[in-house]
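Thanks for coming. I have one structure to walk through today, so let me put it on the screen.

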Amino acid sequence: MGLGMKKVIFASALMSLAIPVCMAAGPVGFDNSPSDYGRPQGFSLNPMANIESLKKNAYDDQLVTLKGRFTKQLTKDKFEFTDTKGQTIVVELDDDRNWSFIRKDALVEIVAKVDKDFMSVELECINARNIEK
C-alpha cells in the first residue's frame, strides 16, 4: 500500500468520526432550550401574551396561541373569547370542524390565525384544547 493510499484511508477515518458529531449537534444559533430537545429552536406561536397586545401588535395571517374562555355566541360561527386578563376578541369557529368539546366559560387554549384589517382584529380558530379538568 502506497503513501497516497494511506493518506486517503486516514482522511476517510477522520471524516467518519466528524460527521456523526456534526449531525448530533442539530440546529445552532437558535434558542437552545433543553426542554425543547428534538424540536426546532427559537420559534414561538405565542408572541402575543394577551388580547390587548395582540390587537396592537399582531399582523394579518399571524398564528397566535391564547388562553381564555368562550363567553358569548355572537353569530352562527363567531364567538366572544375572553382572555385571562378580561380582554375580549371575536373568534370564528368555522363549521367545517367539530367543536363540540368546547364548552361555554371553560378554560381553553386556542391556536388561531389573525384576521386584521384597518378597522378590526378577529381570530380564526385553527385548534383548541381544554386545559380545565
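I will start at a turn. β2 and β3 form a hairpin with four residues between them, and in that turn glycine 86 has a positive phi of about 90 degrees. Keep in mind that this is a predicted model.

The pairing of β1 and β2 is antiparallel and runs over five bridges. Here phenylalanine 70 stands opposite phenylalanine 81 in β2.

What about β2 itself, is it enclosed or open? Five of the six residues of β2 are buried, so β2 is largely enclosed by the rest of the structure.

Now the overall layout. The protein has two helices and five strands. From the N terminus on, the order is α-α-β-β-β-β-β. The five strands make a closed barrel, which runs β1-β2-β3-β5-β4 with mixed pairing. Neighbouring strands of this sheet are turned by 55 degrees against each other on average, with direction ignored.

For anyone who wants the background, strands of a sheet pair through backbone hydrogen bonds, either parallel or antiparallel.

Let me take β4 and β5 next. β4 covers residues 107-116 and β5 covers residues 121-130; the two run antiparallel and are joined by nine bridges. Within that pairing, isoleucine 110 stands opposite alanine 128 in β5.

Which residues does isoleucine 110 touch, not counting residues up to four places away in sequence? The list is Val64, Thr65, Leu66, Phe70, Phe81, Val91, Leu123, Cys125, Asn127 and Ala128.

The largest nonpolar core has 21 residues. The residues with the most contacts inside it are Leu54, Phe70, Phe81, Ile89, Val91, Ile110 and Leu123. Several elements give two or more residues to this core: α2 (51-57), β1 (63-73), β2 (78-83), β3 (88-92), β4 and β5. For the protein as a whole, buried residues make up 26% of the 133 residues. Of the contacts with a separation of 6 or more, 47% are between residues 24 or more positions apart.

Next, the aromatics. A pair of aromatic rings is described by the distance of the centres and the angle of the planes. How many aromatic pairs does a search of the whole structure find? It finds three. One of them joins phenylalanine 70 and phenylalanine 79, edge-to-face, at 6.1 Å centre to centre and 80 degrees between the planes. Phenylalanine 70 has a relative accessible area of 4%, so it is buried. Phenylalanine 79, at 17%, is buried as well.

Another pair is tryptophan 99 with phenylalanine 101, which is tilted: 6.2 Å centre to centre, with 40 degrees between the planes. Are these two buried or partly exposed? Tryptophan 99 counts as buried because its relative accessibility is 10%, and the cut-off for buried is under 20%. Phenylalanine 101 has a relative accessible area of 30%, so it is partly exposed.

Phe70, Phe79 and Phe81 form one aromatic cluster. And arginine 97 lies over the face of tryptophan 99, at 4.5 Å from the ring centre.

Aspartate 95 is found in the loop between β3 and β4. With a relative accessible area of 53%, aspartate 95 is exposed. Lysine 76 is 19 residues from aspartate 95 in sequence, and the C-alpha to C-alpha distance between them is 8.6 Å.

The other is glutamate 132, in the segment after β5. Glutamate 132 counts as partly exposed, at 41% relative accessibility. Which residues is glutamate 132 in contact with, leaving aside its neighbours within four places in sequence? They are Arg69, Asp105, Ala106 and Leu107.

To recap: a closed barrel of five strands, a largest nonpolar core of 21 residues, and three aromatic pairs. That is what I have.

Terms used: Residues are numbered from 1 along each chain as its sequence is written. This is a predicted model: local features need pLDDT of at least 70, side-chain atom pairs count only at pLDDT 80 or more; totals for chains, interfaces and linings use all residues. Side-chain values use heavy atoms; hydrogens and water are left out. Rings of Phe, Tyr and Trp (its six-membered ring) pair if their centres lie within 6.5 Å; planes under 30 degrees apart count as stacked, over 60 as edge-to-face and the rest as tilted. Buried means under 20% relative accessible area, exposed over 50%, partly exposed in between (1.4 Å probe, protein chains only). A charge sits over a ring if NZ of Lys or CZ of Arg is within 6 Å of the ring centre and within 35 degrees of the ring normal. Two strands pair if DSSP finds at least two bridges between them. Axes are lines fitted to C-alpha atoms, for helices over the stretch in contact, and angles run from 0 to 180 degrees between N-to-C directions. A nonpolar core is a set of buried Ala, Val, Leu, Ile, Met, Phe, Trp, Tyr and Cys residues joined through side-chain atoms within 4.5 Å. Contact means heavy atoms within 4.5 Å.
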